[in-house]
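Subject: Structure for your files

Hello,

My notes follow below it.

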Amino acid sequence: MDDSSPSPPISLVRSALERIAANAPLLLAVAVLVTGFVIFGGLRLELAIAGMVAITGLLSVLSPGGEQAAGTRTLPAEPGPGVTGDIAAFIEALSDPALVIDRRGEVSCRNAAATRQYPSLQPGRVLTLVLRNPELMAAVEATVRTGEVRSFQLHETLPSETWDRVTVSPLRLPGRDWVGDNNRQLLITFQSLTEFKRVESMRSDFIANASHELRTPLASLMGFIDTLLGPAAKDSAARDKFLGIMRGQADRMSRLIDDMLSLSRIEMHQHVRPTGSVDLSALLREVREGLQTQAQAAEIEVILNLPEGQAVVSGDRGQLYEVFENLLDNAMKYGATGQSVEITLTPVQRAGFAHLVSVVDHGPGVEPEHVPRMTERFYRIDAESSRKKKGTGLGLAIVKHIIQRHRGQMVIRSRANPGEGLRVEVLLP
């Protein structure tokens, strides 16, 4: 190599550095080649310097303590996009519907639960234009203004009646003043209270109805006792008559209390699926024999249609007996004008069910608007007629809960076929 060669110009070094910054990976191969040529004396000093600069640059880029990775540049952190991604991941992890809005009320993001419950609340839409609720608007405005958490109950009646606990919370970011922050955002969550409200309403109705049902016979008993202690104290004929009525009222209260206790026990264990084995054919024969005296007194024929062999299901024998005893008893009481009741057991293959039991009377049936409410507690189509027939209004409610415990299904149809009155079908797995 010629020692008299001129020194490499600064521009050449600067150009080499710029190439390293722009395309460091490609220069790796060039640097290796240049270094090899320099070692064997085949290139000028300028190129050797450029090769060494390239190698030095690559080593600084690829070293563990280097400031940046190959092909990237170190940029200052921008909190906006990072925070938005964190917020989106956070609300997506919530099981309740949740969404984020900006200070103008526009939806920034929402989770899957909010998408299902409020499909119209799409990102970019204004919240108060979709949910037109004065309390919601007031809560959002107050939180935007003060930065305080607001909570209220949202009651909607369309398309169905629902209740939600709505909480509007400020999303405070570190180092930012809420009032002066033009990018402030709010988190809105919806906690469903619908099931709680329905259970509370059911409990209140149950207590009111039970109190009413017990008050009537109790008042009757107290009245007859006062009469027997007073004017009819020495009237043997009146005493015998009143004691008979009192016994009937006491029996009515006893049946009602028994049904309420039975319903309570069933609900307590409704989540536990029974594991016993029951032969439905033998069970239905036993139910018919148990009510044969009542059927003969009402001049009703109970027709039993059973398949050959056994029909074994998993279940609680006592509870299943109560189901079909209730259904047959109702059919004989309220469908007596048809003079016959048919019980049919049929094997089926329908959505996980294996057996279908239908109880059909040939009476007058009921109006269609009553059918969906027949399994409600204390619901009676004709209250006076039901009391005369010693009904408590809890029979079908008990039946429904027992079938649910057995993972079955009950269907009630009125006048489904010509000549039929009420048809009750029970599907069991």
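Which residue caps the N-terminal end of H9? Asp279 does, with a side-chain oxygen 3.2 Å from the backbone nitrogen of Ser281. Please bear in mind that this is a predicted model.

Helix H9 runs over residues 280-290, and its buried residues are Leu280, Ser281, Leu283, Leu284 and Val287. These sit on the same side of H9, because the arc they cover around the axis is only 165 degrees. Glu289 and Gly290 are exposed and lie on the face of H9 turned away from that buried side.

Helix H11 (residues 317-334) also has a cap at its N-terminal end: a side-chain oxygen of Asp316 lies 3.0 Å from the backbone nitrogen of Gly318. With 18 residues at 1.5 Å a residue, H11 should span 26 Å, and the C-alpha atoms at its ends are 26 Å apart, so the two agree. The buried residues in H11 include Leu320, Val323, Phe324, Leu327 and Leu328. Asn326, Asp329 and Lys333 are also among the buried residues of H11.

For the whole protein chain, the count is 13 helices and 12 strands. The chain has 429 residues, of which 38% count as buried. Taking contacts between residues at least 6 apart in sequence, 59% join residues at least 24 apart.

Regards

Note on methods. Residues numbered from 1 in each chain as written. Predicted model: local features only at pLDDT ≥ 70, side-chain atom pairs only at ≥ 80, totals over all residues. Heavy atoms only, no water. Buried < 20%, exposed > 50% of the residue type's maximum accessible area, 1.4 Å probe, protein only. Helix = DSSP H or I, 4+ residues; strand = E, 2+ residues; numbered from the N terminus. Arc of directions from axis to C-beta. Polar contact = N/O pair within 3.5 Å; in protein donor to acceptor, adjacent residues only side chain to side chain. Expected span 1.5 Å × (residues − 1). Contact = heavy atoms within 4.5 Å.
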